[in-house]
Amino acid sequence: MKQFAALLRKDNQSVRYLVVDDSVFARKNLIKMIEMFGGELAGEAGDGLTAIAEFNRIKPDIVLMDITMPQMEGIEAVERIVRQHSDARIVMVSSVGYQENILAALQKGAKHFVQKPVKPEVLYEILRYVLSDDPNATGAPTALVGESRS
Amino acid sequence: MRMELIQPFINAADAVFAESLQGPTKIIDVEMGEDAYRRKGVAALILIKGDIEGRVILDISPEVAVKVAGVLAGTAMEASEQVVRETVCELANMVIGNSVTLLNDQGFHFKVFPPEVHMHESGLEGSADTEALVICIETPCGDIFLNIAMRYLHRRRAERSAVPALD
């Protein structure tokens with residue numbers, strides 16, 4: 001299995017993720033990747049409404065958000081979260097990757113988009129970019145997964 | 001049969017299965033079907049309506065579904081109706097999502113309906129006038145069947161307008 005250098009916060013702590021998808025498999029798959037990247041699962045949600053509540057409760061560093069979900073779709077959830085938390089970092093994860101969808105998500109405040117099935121190396125690079133905060137920076141990983149972070 | 005409408009589904013299915021099931025895939029059988037579709041296992045039916053319309057059926061045996069579930073989840077899954085149902089839906093969603101992305105970027109606009117799962121004896125009666133392409137794809141988890149019937153909406157409009165009105 002490919003090894004990834006751990007993605008860490010600036011304070012050297014694990015990145016905390018909220019994973020939002022109505023598919024249990026999709027969530028498990030993303031959680032597996034998060035662990036490969038040295039991250040910590042802070043919460044899960046199966047629809048947009050629960051995602052908003054979970055975001056307010058756990059204040060994650062990153063949200064991985066599906067688009068097509070019951071009750072409230074991902075793009076609407078992004079809009080509502082970003083309205084309250086302008087610094088929210090949300091990455092859309094969807095199998096429907098046409099331009100209108102991507103643009104709509106970005107206009108509502110999502111930081112990036114990744115198409116399913118998700119390739120770990122693609123998600124890793126996107127997360128590294130989003131975590132860097134500076135669009136011109138690549139973000140520097142600070143430790144390898146499994147290494148101590150003293 | 002409009003291959004330019006069907007090809008994106010075949011390409012997407014091949015790519016999605018290879019990527020998500022982490023192994024090589026091969027199209028081992030392709031045939032035209034004009035009769036009502038005979039389900040082979042558990043099937044997800046997805047309807048598409050808009051500039052183009054039709055339906056896609058993704059069909060797999062429960063045994064294959066459980067193997068797929070294990071690969072998708074990254075851990076062995078116990079067989080259950082819910083696992084099978086969610087697996088078929090997840091695969092269908094990924095295939096359809098990737099296909100409609102290709103078609104939408106070509107300028108077609110349409111609505112994709114959520115998957116309708118058929119796993120018991122009743123349900124999923126095909127339409128005898130639906131010309132469909134039935135494809136069997138070999139994957140590391142077993143065979144997956146796709147039944148695709150797509151057409152342009154304007155063709156149907158033309159067909160309708162050609163029928164004399166009944167007074």
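## Where chain A meets helix H3 of chain B

In this predicted model, Val24(A), Phe25(A) and Ala26(A) of helix H1(A) touch Val83(B), Glu86(B), Thr87(B) and Glu90(B) of helix H3(B). Contact here means heavy atoms within 4.5 Å. Helices are DSSP runs of H or I with at least four residues, strands are runs of E with at least two, and both are numbered from the N terminus. Sorted by class, the contact of H1(A) with H3(B) holds four nonpolar, one polar and two charged residues. Ala, Val, Leu, Ile, Met, Phe, Trp, Tyr, Cys and Pro count as nonpolar, Asp, Glu, Lys and Arg as charged, and the others, Gly among them, as polar.

The axes of H1(A), residues 24-36, and H3(B) come within 9 Å and cross at roughly 75°. H1(A) is therefore roughly perpendicular to H3(B). Angles under 35 degrees count as roughly parallel, over 145 as roughly antiparallel, 65 to 115 as roughly perpendicular, and the rest as oblique. The axes are lines fitted to C-alpha atoms, for helices over the stretch in contact, with angles from 0 to 180 degrees between N-to-C directions.

## A helix pair inside chain B

Helix H3(B), residues 81-105, also packs against helix H1(B), residues 3-20, at an angle of about 135° and with the axes 8 Å apart. H1(B) and H3(B) are therefore oblique to each other. On the H1(B) side, the contact includes Leu5(B), Phe9(B), Val16(B) and Phe17(B), and on the H3(B) side it includes Leu91(B), Met94(B), Ile96(B) and Leu102(B). By class, the contact of H1(B) with H3(B) has 13 nonpolar, three polar and one charged residues.

## Cysteines without partners

Searching the whole structure turns up zero disulfides over all chains; a disulfide is a pair of cysteine sulfur atoms within 2.5 Å. For Cys89(B), the nearest cysteine sulfur is that of Cys141(B), 17 Å away. Cys89(B) is buried, with a relative accessible area of 18%. Buried means under 20% relative accessible area, exposed over 50%, and partly exposed in between, using a 1.4 Å probe and protein chains only.

Cys136(B) is in no disulfide either. The nearest cysteine sulfur to Cys136(B) again belongs to Cys141(B), at 14 Å. Cys136(B) counts as buried too, at 5% relative accessibility.

## The layout of chain A

Chain A has five helices and seven strands, and from the N terminus on its elements run β-β-α-β-α-β-α-β-α-β-α-β. Of the 150 residues in chain A, 52% are buried. Among contacts in chain A with a separation of 6 or more, 64% join residues 24 or more positions apart.

## Backbone details in the loops of chain A

A cis peptide bond runs from Lys116(A) to Pro117(A), with omega near -5°. Pro117(A) sits in the loop between strand S6 (112-115) and helix H5 (120-132) of chain A.

Asn12(A) is a residue other than glycine with a positive phi, near 70°. Asn12(A) lies in the loop between strands S1 (5-6) and S2 (16-20) of chain A and is partly exposed at 31% relative accessibility. Lys59(A), in the loop between helix H2 (48-58) and strand S4 (62-65) of chain A, has a positive phi near 45°. Lys59(A) is partly exposed, at 44% relative accessible area.

## Reading the numbers

Residues are numbered from 1 along each chain as its sequence is written, and chains are lettered from A and ligands numbered from 1 in the order in which they are written. Local features need pLDDT of at least 70 and side-chain atom pairs count only at pLDDT 80 or more, while totals for chains, interfaces and linings use all residues; side-chain values use heavy atoms, with hydrogens and water left out.
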